[in-house]
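Good morning, and thank you for coming. Please look at the sequence and the model on the screen while I speak.

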Amino acid sequence: MKKILLGLVKLYQKVISPLFPPSCRYYPTCSNYMVGALKKHGALKGTLMGTARILRCNPFVKGGYDPVPDYFTLKRNPHPDEKILN
């Protein structure tokens, strides 16, 4: 299943994405994030993480650097300059 999903994302990157101007607010791009999430977390969790990332990509977010975390989460990684208070 993971190989099929990776193939679909790669197909999107090669066929559909070049038809539109670059507009992703995050680095890595949402499709590259999806590939990384699928490889690191598998088909189910990777798809959930990638879909959550795509839903976060809108004009009301700041964007920036947001790599695939080593643990499963649907939230954005905290910015390194922001301190987490417990």
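I shall take the salt bridges, then the nonpolar core, and then the cysteines.

This is a predicted model, in which local features need pLDDT of at least 70 and side-chain atom pairs count only at pLDDT 80 or more, while totals for chains, interfaces and linings use all residues. Residues are numbered from 1 along each chain as its sequence is written, and side-chain values use heavy atoms, with hydrogens and water left out.

Let me begin with charge. Side chains of opposite charge can pair when their charged atoms come close. We count a salt bridge when a side-chain nitrogen of Lys or Arg is within 4 Å of a carboxyl oxygen of Asp or Glu. The structure contains 3 of them.

One joins the side chains of Lys-40 and Asp-70, at 2.8 Å from N to O. Because Lys-40 lies in helix 2 and Asp-70 in the segment after strand 2 (64–65), this pair ties together parts that are 30 residues apart in sequence. Helices (H or I, at least four residues) and strands (E, at least two) are DSSP runs, numbered from the N terminus. Lys-40 is partly exposed, at 42% relative accessibility, and Asp-70 is exposed, at 65%. Here buried means under 20% relative accessible area, exposed over 50%, and partly exposed in between, with a 1.4 Å probe and protein chains only.

I turn to the nonpolar core, defined as buried Ala, Val, Leu, Ile, Met, Phe, Trp, Tyr and Cys residues joined through side-chain atoms within 4.5 Å. The largest has 5 residues: Leu-6, Val-9, Met-34, Val-35 and Leu-38. Helix 1 (2–16) and helix 2 (30–56) are the elements giving two or more residues to this core, and helix 2 gives the most, with 3.

Finally, the cysteines. With a disulfide taken as two cysteine sulfur atoms within 2.5 Å, a search of the whole structure finds 0. The sulfur of Cys-30 is 3.3 Å from its closest cysteine sulfur, in Cys-24, which is too far for a bond. Cys-24 is partly exposed, at 31% relative accessibility, whereas Cys-30 is buried, at 12%.
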